[in-house]
Amino acid sequence: MTTPKIIYTLTDEAPSLATYSLLHIIQAFTKAAGVTVETSDISLAGRILANFPEHLSAAQKVTDGLAELGALTLKPEANIIKLPNISASVPQLKAAIKELQSQGYKVPDFPENPQNEAEKEIKARYGKVLGSAVNPVLREGNSDRRAAASVKQYARKHPHRMGKWAANSRTRVAHMSSGDFYGSERSMTVPEAVSTRIEFVSKDGKVTVLKDKLALQAGEIIDAAVMSRRALRKFYAEQIAAAKKEDVLLSLHLKATMMKVSDPIMFGHAVSVFFKNVFDKHGDLLKELKINVNNGFGDMEAKVLALPEAKRAGIVADIADCFRNQPPLAMVNSDKGITNLHVPSDVIVDASMPPMIRDGGKMWGADGKPYDTLAMIPDRCYAGVYDATVEDCKKNGALDPATMGSVPNVGLMAQKAEEYGSHDKTFEIAGDGVVRIVDTSGKVLLAQNVEQGDIFRACQTKDAPVQDWVKLAVSRARLSGTPAIFWLDKNRAHDAQIIAKVDRYLKDHDTNGLDIKIMEPADACRATLTRVRQGKDTISVTGNVLRDYLTDLFPILELNTSAKMLSIVPLMNGGGMFETGAGGSAPKHVQQFQQEGYLRWDSLGEFLALGVSLEHLGQKFNNVKAQILAETLDQANARILDNNKSPARKVGEIDNRGSHFYLALYWAQALAAQTRDKEIQARFTPLAKALTDNEAKINEELLAAQGKPVDMGGYYHPDFGKISKAMRPSATLNAALGAI
Ligand SMILES: NC(=O)C1=CN([C@@H]2O[C@H](COP(=O)(O)OP(=O)(O)OC[C@H]3O[C@@H](n4cnc5c(N)ncnc54)[C@H](OP(=O)(O)O)[C@@H]3O)[C@@H](O)[C@H]2O)C=CC1
Ligand SMILES: O=C(O)CCC(=O)C(=O)O
Ligand SMILES: [Mg+2]
């Protein structure tokens, strides 16, 4: 028999800092039960290094953790704990490369405008690292995200603060009414496996192959949609004028990380429309500076400010003029003057809209005060859900975390389903003409008329993942006795194909006595919110994008953060991947850690993921010790919540490291108290005693480490020794753990 093994991922930013402290505890505990916990580096820096071995010395070379893990997800024994990682925008990628170079790693610069074949090859390799490059590779299963009962109960007992929603709030969601992906989408299900390509036929008949091999399986859904450049820019111009007239902040909400090809382009148009006068007047200079507007206003501002005084003055004055004449922009960081249009990866719709809704419809203005906002979400595929939520809050007031129902999600995600697998089939079109998907005999499956600058996008959805998703939805509805709604729009081409499959595959299951509906997303949202306000739970069964959006939206309203979610990916081949929480890598937390030596990251997501990972392992290998570890960990988690031992927010209070200590204490106590396995009991009794006896001393040592700046020796590729020291400052705790 293979030894039971868990792979724990090493990622970036706050979750990776937490790992320096937590992993040690986890390994000490699991070792005692014969379970090994190994690590796999899938951090941004690690992925860069793995992709350029020939630029590195033998000692610098690393293994390709992501490729290894991707292969593992296909095996039944897979048991992976996946922490959130950076999905890098171009500015972040460049910063990581620069840092690695400064540390002596000779990785090449990122050639934004490749001049020759060699540079093109480097850019293509970096393309594999860019954006959401990890999750789609590992997600060989659909997604089951929900708040654990103990977590929901805690949130009801200790409701977080909510902003007030005024009936006359001027906040609103704005979306396009035509020319978007929604309006143009065409979709079909192919009956037989077919080999296709995507090509652009220009007006004069010249054919350019955009993607030459696109294999479709029998029963696979393929979509083709276009975002019109003209319609998008017109929409932005209209909304900029509207925000000014309505006297509200202007904000844009996209997902440039996961939609790494389409959304940076859409972001770039917003920047060039907002600063239209600057682009009209200084076009040549901006070209000379090699400004890529898709990287945001921040990049442009930095290059402009670096100009010699004589060249700089005119353009700086015109930028200031724009800021004066246009509506005020919502701010990402008002202290530092970072606007919503500065960096494409700063405003990620799933993480930017929910806090706005939680905070009474307000975003930050340049003066650091909250204001109403016009939230631009250009495409209609998903804007309606946020619109429905905003309007519901205007009508009925803020939601109440003390009483509100829960919205677990079953999300279609496996095998790069839908938009989140579309990067290699998304293109900014060079001229006017037609983009078509044709088979090898030349038969056209789908076609779209395009104009220069339009964004063409094709998406795939395989049949097996849809079957698995329907099965998961039925099983969650059955197990939890909760109504389930499929959020699907029969008027959207892609959804109509999915609905046909859902209707068909629901028949494979016993749905007797279950309440399962299919509703258009905005209607589904309204119906769900009505139930939420009555304290009732409703499972949302959604496609990949709404999975992402809703598992931040509802958790942030219900629990204040999506970090506390249970996030399970039952892999289609029998393994398990356990994601920690539903949120990201919290860059703000790293800044606080660097400045104040305080880490407010809440590892509850990791604790919960470890629990289900051990449970899966216990069941799979019939391993009683692993089951005992899982049960006692569950008890420890409940005590952490009950006794309020989660991280607070400020220096002098318990932080991430303190909460890890309490995890060790409560877990050891629970293991020492159980009698099912005497060997484990004997093993943990001395540790439980040592930690119990030294509680005050350990807390003192942990608190003493706070309140001063921490030198991490790097941001993307920090220094192992420095961070280990900073994250494990209690000699007493370290000694106790070392002794078992
Ligand atoms: N699964 C994955 O790998 C995911 C990765 N990402 C990536 O993460 C990066 C940052 O994304 P961003 O959208 O800013 O979202 P984050 O979730 O990192 O940050 C948003 C806010 O959520 C709160 N938060 C998130 N996690 C925790 C936690 N464990 N404990 C306490 N609070 C938490 C914090 O709010 P507060 O101010 O209250 O502390 C934080 O500032 C991006 O690169 C993004 O692509 C994003 C989502 C998922
Ligand atoms: O992969 C990413 O970039 C983010 C994933 C995400 O936001 C999610 O799955 O909720
Ligand atoms: Mg998300």
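In strand β24, Met 577 is the bridge partner of Ile 80. Ile 80 belongs to strand β3, which covers residues 79–82. Helices (H or I, at least four residues) and strands (E, at least two) are DSSP runs, numbered from the N terminus. β3 and β24 (residues 576–580) run parallel, joined by 4 bridges. Two strands count as paired if DSSP finds at least two bridges between them. This is a predicted model: local features need pLDDT of at least 70, side-chain atom pairs count only at pLDDT 80 or more, and totals for chains, interfaces and linings use all residues. Residues are numbered from 1 along each chain as its sequence is written, while chains are lettered from A and ligands numbered from 1 in the order in which they are written.

Strand β1 (residues 5–10) also runs parallel to β3, joined to it by 2 bridges. Here Ile 80 is the bridge partner of Ile 7. Both faces of β3 are covered. Asn 79 and Ile 81 are buried on one side, Ile 80 and Lys 82 on the other. A residue is buried if 20 or more other C-beta atoms lie within 10 Å of its own, exposed if 12 or fewer, and partly exposed in between; C-beta atoms are placed from the backbone.

Ile 7 stands opposite Glu 38 in β2.

## The arginine binding site

Which residues does the UniProt annotation "binding site" cover here? Arg 145 and Arg 547, according to an unreviewed entry. UniProt positions are given in the numbering used here, feature names are shortened, and annotations may be inferred rather than shown by experiment. The two are spread over 403 residues of sequence, yet they cluster in space, with a largest C-alpha distance of 8.7 Å.

Arg 145 sits in strand β4 (residues 143–146). Arg 145 is buried because 26 other C-beta atoms lie within 10 Å. Its contacts include Asn 409, Gly 411, Thr 551 and Ala 582, not counting residues up to four places away in sequence. Contact means that the C-beta atoms of two residues, placed from the backbone, lie within 7 Å. Arg 547 sits in helix α19 (residues 544–559). Arg 547 is buried too, with 26 other C-beta atoms within 10 Å.

## The aspartate binding site

UniProt also lists Asp 350, Asp 548 and Asp 552 for "binding site", again from an unreviewed entry. They span 203 residues in sequence, yet no two of their C-alpha atoms are more than 6.9 Å apart, so they gather at one spot.

Asp 350 lies in helix α14 (residues 349–358). Asp 350 counts as buried because it has 25 C-beta neighbours inside 10 Å. Leaving aside neighbours within four places in sequence, Asp 350 is in contact with Lys 255, Asp 548, Tyr 549 and Asp 552. Asp 548 lies in helix α19. Asp 548 is buried, with 28 other C-beta atoms within 10 Å. Outside four places in sequence, Asp 548 is in contact with Met 258 and Asp 350.

## The two ligand shells

Which residues are around ligand 2? They are Ser 87, Ser 132, Asn 135, Thr 257, Met 258, Asp 350, Asp 548, Thr 551 and Ala 582. A residue is near a molecule if its C-beta atom, placed from the backbone, lies within 6 Å of it. By class, this shell has 2 nonpolar, 5 polar and 2 charged residues. Ala, Val, Leu, Ile, Met, Phe, Trp, Tyr, Cys and Pro count as nonpolar, Asp, Glu, Lys and Arg as charged, and the others, Gly among them, as polar.

Ligand 1 is surrounded by 23 residues. The closest are Ser 87, Ala 351, Ala 563, Gly 583 and Gly 584. Its shell divides into 8 nonpolar, 11 polar and 4 charged residues.

## Gly 298

Gly 298 lies in helix α12 (residues 297–305). Is Gly 298 buried or partly exposed? Gly 298 is partly exposed, because 19 other C-beta atoms lie within 10 Å. Gly 298 is in contact with His 342 and Val 343, leaving aside neighbours within four places in sequence. Its C-alpha atom is separated by 51 Å from that of Leu 514, 216 residues apart along the chain.
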